[in-house]
Amino acid sequence: MTLATVNLIEACIYNKDFDSAEKYIKLIENEQGSEISYFKGEIEFGKGNYEQAISYYKRAVIKNDSLAIFRLADIYIKQKQFDTAIKILDMLESSNIKALISKSMIYEECSEYSKAIRCIEKALLYDGTSVELWTYLAKYHRLNNDFLKAEGAVCTALRYSSSNLAANLEFAKIKRFQGKVKEYRLAISKILKNLRTEYRDIYF
């Protein structure tokens with residue numbers, strides 16, 4: 001399986017040119033590997049044929065294709081089969097941060113915020129300086145009505161990146177939920193100021 005052919009298939013799928021992607025797949029169809037099943041799954045997923053996509057992804061999953069695992073979980077999430085999606089994600093290493101974030105988002109969808117918090121806390125063991133993870137932790141604590149812990153988490157995120165948009169937005173939300181109107185308005189003003197600065201840096 002040549003890298004050039006793989007790149008062509010990926011480009012065709014990205015551009016939703018599924019007919020061309022299928023033609024290129026036929027050139028390498030006799031070769032072994034999880035990539036072929038994964039690409040066929042991507043084509044069916046792109047067409048909206050989720051059951052057929054699941055069949056192909058499962059073949060790739062048997063060969064421990066992590067991309068197929070994530071995509072298979074995505075389909076089950078779309079179908080609201082959250083328990084199945086969790087089981088699929090559990091096939092990955094327990095230290096897989098992307099899987100832990102995905103699981104936390106499933107638990108958020110189910111309003112199981114304590115479980116979402118545990119997923120992010122586990123992820124932070126492997127990347128304790130991630131602004132994204134600290135912001136997620138703040139969000140889930142806020143949704144769980146623990147504003148003190150939410151504020152602590154978001155302040156940690158802002159210590160690592162004071163201009164991070166997601167972290168600043170979460171800080172503003174926490175202040176709004178706490179009923180601290182003045183601090184909320186100041187937080188929004190900071191966000192708008194940062195956005196104006198970024199716009200000026202890009203276009204002028």
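## Helices H6 and H7

The crossing of H6 and H7 is left-handed, a term applied where the near helix is turned anticlockwise from the far one by less than a right angle. In this predicted model, local features need pLDDT of at least 70 and side-chain atom pairs count only at pLDDT 80 or more, while totals for chains, interfaces and linings use all residues. Residues are numbered from 1 along each chain as its sequence is written, and side-chain values use heavy atoms, with hydrogens and water left out.

Helix H6 covers residues 82–89 and helix H7 residues 97–109, and their axes lie 10 Å apart at an angle of about 165 degrees; axes are lines fitted to C-alpha atoms over the stretch in contact, with angles from 0 to 180 degrees between N-to-C directions, and helices are DSSP runs (H or I) of at least four residues, numbered from the N terminus. The two helices H6 and H7 are therefore roughly antiparallel, the label for angles over 145 degrees. On the H6 side, Phe82, Ala85, Ile86 and Leu89 meet Ala99, Ser102, Lys103, Ile106, Tyr107 and Glu109 of H7, contact being heavy atoms within 4.5 Å. By class, this contact of H6 with H7 has seven nonpolar, one polar and two charged residues (Ala, Val, Leu, Ile, Met, Phe, Trp, Tyr, Cys and Pro count as nonpolar, Asp, Glu, Lys and Arg as charged, and the others, Gly among them, as polar).

## Helices H3 and H4

For H3 (residues 34–47) and H4 (residues 50–62), the axes come within 8 Å and cross at roughly 165 degrees. That makes H3 roughly antiparallel to H4, and their crossing is left-handed. Residues of H3 including Ser37, Tyr38, Gly41 and Phe45 meet a set in H4 that includes Ala53, Tyr56, Tyr57 and Ala60; the contact of H3 with H4 has seven nonpolar, four polar and four charged residues.

## The two largest pockets

The largest pocket holds about 190 Å³ of space, a volume being the space filled by probe spheres set on the grid points, which are joined across faces, edges and corners. A pocket is an open set of points on a 1 Å grid over the protein atoms alone, where a 1.4 Å probe fits, with protein on both sides within 12 Å along at least five of seven lines, and lining residues have an atom within 4 Å of a point. Helix H1 (3–14) and H3 each supply at least two lining residues of the largest pocket, whose lining divides into six nonpolar, no polar and four charged residues.

The second largest pocket contains about 150 Å³ of space, and H9 (131–143) gives the largest share of its lining, five residues.

Notes: Angles under 35 degrees count as roughly parallel, over 145 as roughly antiparallel, 65 to 115 as roughly perpendicular and the rest as oblique.
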